Amino acid sequence: MTEVLRVDPENPDAESIARAADCLHAGGLVAFPTETVYGLGAHALDPRAVQRIFAAKERPPNDPLIIHVASVDDVAPLVAEFPQAARALANRFWPGPLTMVLRRSERVPAEVTAGLETVAIRVPSHPVARSLLQHARIPVAAPSANRFSRPSPTRAAHVLADLDGRIDIILDGGPTTVGLESTVVDLAHRPSTVLRPGAIDAAALDAVVSDMLIVSGAVERATEGMPSPGMLAKHYAPSTPLKLFEGEPAVALDELLRHARRHLDQGQSVVVLAFSGDLESLRTLRARLITLGDERDPPSVASRLYAALRESDELGADILLVRNITGDHPLSTAIRDRLRRAAAL
Ligand code: TXA
Ligand code: MG
């Protein structure tokens, strides 16, 4: 029932794109690669198609979706106001992994925005996503193409594992490059707030709109009752309990080792998700080790994080132990955020 169409990630064939675009026009669901993670797309202006996304994902209806468009020229009909700052950010970062929350226009169905007065919009840069949006010539609502509370999919196989039989088409363009979801910045309220850290951080946004205060406040604001329910910690949780170790690397690793030994002594099975530099110290453990790659290379860690979380989860261990990444690279900040969400219960 779910058809997987293999496409060249750089130069997808016109026939597959046309079939996927037709499917969207007919109210169907198409999963497609973006540079961040795979999205599950539906015609954004067709409320019934949008409802199918929520059904397929088992996503709570109060969690709003991002609308994907082919170019900045497609934004105006969807928003009540397209402020100068948003235009400047679009010019600098689109196409790319930045989502902007703006005041919505009347045309955007309440199903997309979960009844909010704002709408999240982005122009993805992945050639398959771009080609699909250009051919479909409609705005496409697309959350990450995972079942609710599973890690976001970075490969077509992840989409298939979660959504086989529930969606119409998967465009398989291979693994995504960034591997973490886009930065979400709210430009509809003051101060402008980064609701979800990603490859583009607050400092990069600030450098473009220096007259504007952009703060990072996802978690704080969410717990104060801000209407961004998708920021709930549980959203990214794997099913194996995950314990996170933070702070100075040598100290955190020591603590992780102590924890691992305690669980192993109790006869439990342990999986450790580890940076390559830690592997030597961990080899003496009777634990399964899954590598996250080099801690000093945050882009490569980001690109494999969700696949590693899924792989760990599939081992069905009693506990999953992870030392969190250090450093102030934008993607290190984003990885720390995702691992904290995954660890929270
Ligand atoms: O990289 C990405 O952004 C991927 C790809 C497919 O584009 N999409 C994605 O969508 O991660 P999703 O639905 O998994 O995450 C969307 C996030 C959620 O945290 C949601 O709460 C937030 O954006 N969001 C959407 N509309 C919003 C709004 N009007 N106000 C505040 N937050 C909003
Ligand atoms: Mg998601």
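Modeller: Two strands count as paired if DSSP finds at least two bridges between them. Helices (H or I, at least four residues) and strands (E, at least two) are DSSP runs, numbered from the N terminus. This is a predicted model; local features need pLDDT of at least 70, side-chain atom pairs count only at pLDDT 80 or more, and totals for chains, interfaces and linings use all residues. Residues are numbered from 1 along each chain as its sequence is written, chains are lettered from A and ligands numbered from 1 in the order in which they are written, and side-chain values use heavy atoms, with hydrogens and water left out.

Start with the four-stranded sheet. It is open, and its order is S12-S15-S13-S14, with parallel pairing. Strand S12 (242-245) and strand S14 (288-293) are at the edges with a single partner strand each, so one side of each has no neighbour in the sheet. From one strand to the next, the twist averages 20 degrees. Angles here run from 0 to 180 degrees between N-to-C directions, and axes are lines fitted to C-alpha atoms, for helices over the stretch in contact.

Four bridges pair S12 with strand S15 (residues 319-323), in the parallel sense. Across that pairing, lysine 243 stands opposite leucine 321 of S15. Helix H9 (residues 249-265) packs on this sheet. H9 touches S12, strand S13 (270-275) and S15, and its direction makes about 165 degrees with that of S15. Contact means heavy atoms within 4.5 Å. Helix H12 (residues 330-343) also lies across S12 and S15, at about 140 degrees to S12.

Eleven strands make it, open and mixed in pairing, in the order S1-S8-S2-S3-S7-S4-S6-S5-S9-S10-S11. Strand S1 (3-6) and strand S11 (214-216) are its edges, each with a single partner strand, so one side of each lacks a neighbour in the sheet. S1 runs parallel to strand S8 (residues 169-172), joined by four bridges. Valine 4 has isoleucine 170 in S8 as its bridge partner. Helix H1 (residues 14-25) lies across S1, strand S2 (30-33), strand S3 (38-43), strand S7 (140-141) and S8, at about 145 degrees to S8.

Next, the loops. Most residues other than glycine have a negative phi, and most peptide bonds are trans. The bond from tryptophan 94 to proline 95 is cis, with omega near -5 degrees. Proline 95 is in the loop between helix H3 (84-93) and strand S5 (98-103). The bond from arginine 190 to proline 191 is cis too, with omega near -5 degrees. Proline 191 is in the loop between strand S9 (183-186) and strand S10 (192-196). Glutamate 58 has a positive phi, near 60 degrees. Its loop joins helix H2 (47-57) and strand S4 (66-68).

Last, ligand 1. Serine 182 has a polar side-chain atom 2.5 Å from a ligand oxygen atom. For arginine 196, a side-chain N or O atom is 2.8 Å from an oxygen atom of ligand 1. A polar contact is a pair of N or O atoms within 3.5 Å; within protein, one must be able to donate a hydrogen and the other to accept it, and residues adjacent in sequence count only if both atoms are side-chain atoms.
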